[in-house]
Protein chains: 2
Amino acid sequence: MKDDQLISFEQPCPIRDVLDRIGDKWSLLVLHSLSEGTLRFNGLVRNVEDISKQMLSKTLKRLEKDGFIRRTLYAEVPLRVEYELTDIGKSFLKPMAELIRWANANHRDIVLARQQYRLTNSNR
Amino acid sequence: MKDDQLISFEQPCPIRDVLDRIGDKWSLLVLHSLSEGTLRFNGLVRNVEDISKQMLSKTLKRLEKDGFIRRTLYAEVPLRVEYELTDIGKSFLKPMAELIRWANANHRDIVLARQQYRLTNSNR
DNA sequence: CTGTATCCATTGAGATACTG
DNA sequence: CAGTATCTCAATGGATACAG
């Protein structure tokens with residue numbers, strides 16, 4: 001596949017479709033949390049900084065629906081539910097790590113560019 | 001840097017900050033369009049499938065503000081404006097290509113997982 | 001040619017309270 | 001323990017018309 005054909009515009013566009021899932025506020029953080037291993041619901045609440053139970057619930061459902069994670073219910077008392085990455089989820093860790101690495105490495109430059117932009121366009 | 005420290009929760013979290021910029025609907029497609037070289041406004045409108053002038057304008061402004069692209073105005077008649085990637089923008093192409101490659105490679109599996117999920121949970 | 005202004009519909013996200 | 005229901009607010013995105 002040639003580089004200039006990386007983005008396909010067939011319906012639905014894969015990159016658009018994938019971005020719609022992981023481009024939200026929490027998905028990447030949840031996936032990262034699960035990269036170390038299985039976690040329970042409240043474990044994720046504690047592990048993912050500042051996420052509410054409600055947003056975690058929604059995020060987990062979407063990720064499960066798209067096959068990134070697997071939900072296992074143990075009918076015990078009290079209830080136990082475990083979340084873990086599927087093969088799809090695990091394979092996604094690699095490009096995700098690249099993205100995170102880039103973000104960490106370049107965040108400072110972006111912040112500086114933003115400041116410079118504000119200075120240059122203070123005459124708005 | 002250890003892998004489990006890839007995501008920093010310092011304020012502001014770099015990955016959150018970067019995702020907020022490129023996680024929207026058009027940024028990635030615009031950056032990809034510019035990866036081949038300089039383009040003018042209407043060139044981008046033609047190049048980026050289905051984007052409206054208004055969304056292109058907003059997207060370009062954000063990308064410029066964050067230092068991903070550079071806008072050059074030529075005061076001719078008629079007006080000419082050129083957009084091109086900055087060094088930050090160019091360096092971002094690498095992790096972006098990884099992401100796109102993954103999306104293209106795994107999109108089919110995601111669609112299948114989604115169908116399977118619907119079948120399994122038809123008793124909702 | 002290169003945009004901006006305005007209005008509107010949809011979605012994401014947070015707070016709180018409640019359930020099996 | 002593991003969620004859901006409801007409400008509200010803010011941000012995104014799209015259509016159309018207008019402007020320098």
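Predicted model: local features only at pLDDT ≥ 70, side-chain atom pairs only at ≥ 80, totals over all residues.
In chain A, Arg70 stands opposite Glu84, that is, A:Arg70 faces A:Glu84 in strand E3(A).

In chain A, 3 strands make up an open sheet, in the order E1-E3-E2, with antiparallel pairing. Strand E1 (39-40) and strand E2 (69-74) of chain A are at the edges with a single partner strand each, so one side of each has no neighbour in the sheet.

Chain A contains 5 helices and 3 strands. Read from the N terminus, its elements follow the order α-α-β-α-α-β-β-α. Of the 124 residues in chain A, 44% are buried. Among the contacts in chain A with a separation of 6 or more, 43% are between residues 24 or more positions apart.

I turn now to the second protein chain. How is chain B related to chain A? A rotation of 180°, with 0.0 Å of shift along its axis, superposes chain B on chain A with an RMSD of 0.1 Å. That is the relation of a two-fold axis. Which residue of chain B comes closest to the rotation axis? The residue is B:Gly23, whose C-alpha lies at 2.2 Å. As for the interface, 100% of the interface residues of chain B are also interface residues in chain A, so the copies meet through the same surface.

Strand E1 (residues 39-40) of chain B pairs with E3(B) in the antiparallel sense over 2 bridges. Within that pairing, B:Arg40 has B:Glu82 as its bridge partner. Strand E2 (residues 69-74) of chain B also pairs with E3(B) in the antiparallel sense, over 6 bridges. There, B:Tyr74 has B:Arg80 as its bridge partner. E2(B) and E3(B) form a hairpin, with 5 residues between them.

Which side chains of E3(B) point to the buried face? They are B:Val81, B:Tyr83 and B:Leu85.

Of the atoms of DNA strand C that come within 4 Å of the protein, sugar and phosphate account for 70%. For B:Tyr83, a polar side-chain atom lies 2.6 Å from a phosphate oxygen of DNA strand C. For B:Arg71, an N or O atom in the side chain is 2.5 Å from a phosphate oxygen of DNA strand C.

Which elements supply at least two residues each of the surface near DNA strand C? They are helix H4 (53-65) of chain A, together with helix H3 (41-47), helix H4 (53-65) and strand E3 (80-85) of chain B. By class, this surface has 7 nonpolar, 4 polar and 8 charged residues.

I close with DNA strand D. It has 20 residues around it, and A:Lys53, A:Ser57, A:Tyr83, B:Lys25 and B:Gln54 come nearest. Sugar or phosphate holds 70% of the atoms of DNA strand D within 4 Å of the protein, and the rest belong to bases. Two side chains of chain A approach bases here. An N or O atom in the side chain of A:Lys53 is 2.6 Å from a base oxygen of DNA strand D. For A:Gln54, the side chain has an N or O atom 2.7 Å from a base oxygen of DNA strand D. The backbone takes part as well, with an N or O atom of A:Leu79 lying 3.2 Å from a sugar or linking oxygen of DNA strand D.

The surface near DNA strand D draws at least two residues from each of helix H3 (41-47), H4 and strand E3 (80-85) of chain A, and from H4 of chain B. Its residues divide into 7 nonpolar, 4 polar and 9 charged.

Technical notes: Residues numbered from 1 in each chain as written. Chains lettered and ligands numbered in written order. Heavy atoms only, no water. Near = heavy atom within 4 Å. Polar contact = N/O pair within 3.5 Å; in protein donor to acceptor, adjacent residues only side chain to side chain. Helix = DSSP H or I, 4+ residues; strand = E, 2+ residues; numbered from the N terminus. Nonpolar A, V, L, I, M, F, W, Y, C, P; charged D, E, K, R; others polar. Buried < 20%, exposed > 50% of the residue type's maximum accessible area, 1.4 Å probe, protein only. Pairing = 2+ DSSP bridges. Least-squares fit on C-alpha atoms with pLDDT ≥ 70 in both. Contact = heavy atoms within 4.5 Å.
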